[in-house]
Amino acid sequence: MAGERVRWGVLATGGIAGAFTADLIDLPDAEVVAVASRTEESAKAFAERFGIPRAYGDWESLAADEDVDVVYVATPHSAHRAAAGLCLEAGRNVLCEKAFTLNSREAEELVGLAKERGSFLMEAMWMYCNPLIRQLKALVDEGAIGEVRTVQADFGLSGPFPPTHRLRDPAQGGGALLDLGVYPVSFAHLLLGEPSEVMARAVLSDESVDLQTGMLLSWESGALASLHCSLVGGTSTSASVTGSEGRIDIPSGFFHADRFVLHRDGRDPQEFTASTTDGTQASLKHEAIEVMRCLQTGETESPLVPLDGTLAVMRTLDAVRNRVGVHYPSELS
């Protein structure tokens, strides 16, 4: 479909679906042609809000819509396996929100299904598509700070979230780790790959989901990552990577970075900022651009968000949950 407009379907109508659709409709190569929700009322309201021609009150109708080139799955992550799997089985390409699934087993099933069908599949890890994060990654890979020694990242919200909130609901994959901790873990994976050892401690809620979790990851190289996520305290959302010859700091909002500072031994600090043409702060558009580029060139996965990397992150999240004792109802049945 080289040079053609990419026709999108949106599955779910919550906040992240609205934010993504708002960015999507501003892209010249994108056309949002359908939306689906569990209720027709919600789908129609979303369609009217964004001028989408078709609204479905069930997921199956969207998955079967031959006019849809790719479906953006924006349900809670507890439903990602079912929703993305339904679309892949129907022959649709899929961009699926993070955390990609509840666990690595579900993730492997989706990846296997995509490969079996020859369909495109990508985790919506917008951080990886952010031009500034890509620049940071290139600097590290080029040896700008020497050999990586440590990575630090945190993501915490002050809350408080009541027990009825989805972030506290085990049935919806609640807890800080899958909703927020996926970002620090993914940042460490981006720079160092999959760790050789995972240690973690957590404070659990009465519902047995993690309210806050601290993680220490280690690699055979001797590198360490100290990561934290929380539903009970608003953190600086900062990140840094320290090497044998320098350091890179993202002062805040590392998962949608618009600025970082490179410190190198014996040199003045060097600041890197998002260009005014990047629109980096609204960087949900960058993952959409990457999906459309892949579809237009016939690629079934993105080199920026490779499926092997997504599976590795899910294995690390599984290891953390095993260490702290968080298990979801669907995993125990």
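Q: Starting with W8 and F20: buried or exposed?
A: Both are buried. Keep in mind that this is a predicted model.

Q: How many aromatic pairs are there?
A: The count comes to 10 aromatic pairs.

Q: And W8 with F20, how are the rings arranged?
A: Their centres are 5.5 Å apart. The planes sit at 65 degrees, and over 60 counts as edge-to-face, so that is what this pair is.

Q: Where do the two sit in the chain?
A: W8 is in strand β1 (residues 6–11) and F20 is in helix α1 (residues 15–24). They are 12 residues apart, and the pair links distant parts of the chain.

Q: What about F155 and F255?
A: That aromatic pair is stacked. Centre to centre is 4.4 Å, with 15 degrees between the planes.

Q: Which parts of the chain does that one link?
A: F155 belongs to strand β7 (residues 148–156). F255 is in the loop between β12 (246–250) and β13 (259–264). They are 100 residues apart.

Q: Why does F255 count as buried?
A: Its relative accessibility is 10%, and the cut-off is under 20%. F155 is buried too, at 8% relative accessible area.

Q: Which residues are in the ring cluster?
A: Ring pairs link W126, F155, Y183, F187, F254 and F255.

Conventions
Residues numbered from 1 in each chain as written. Predicted model: local features only at pLDDT ≥ 70, side-chain atom pairs only at ≥ 80, totals over all residues. Heavy atoms only, no water. Phe/Tyr/Trp six-rings, centres within 6.5 Å; stacked < 30°, edge-to-face > 60°. Helix = DSSP H or I, 4+ residues; strand = E, 2+ residues; numbered from the N terminus. Buried < 20%, exposed > 50% of the residue type's maximum accessible area, 1.4 Å probe, protein only.
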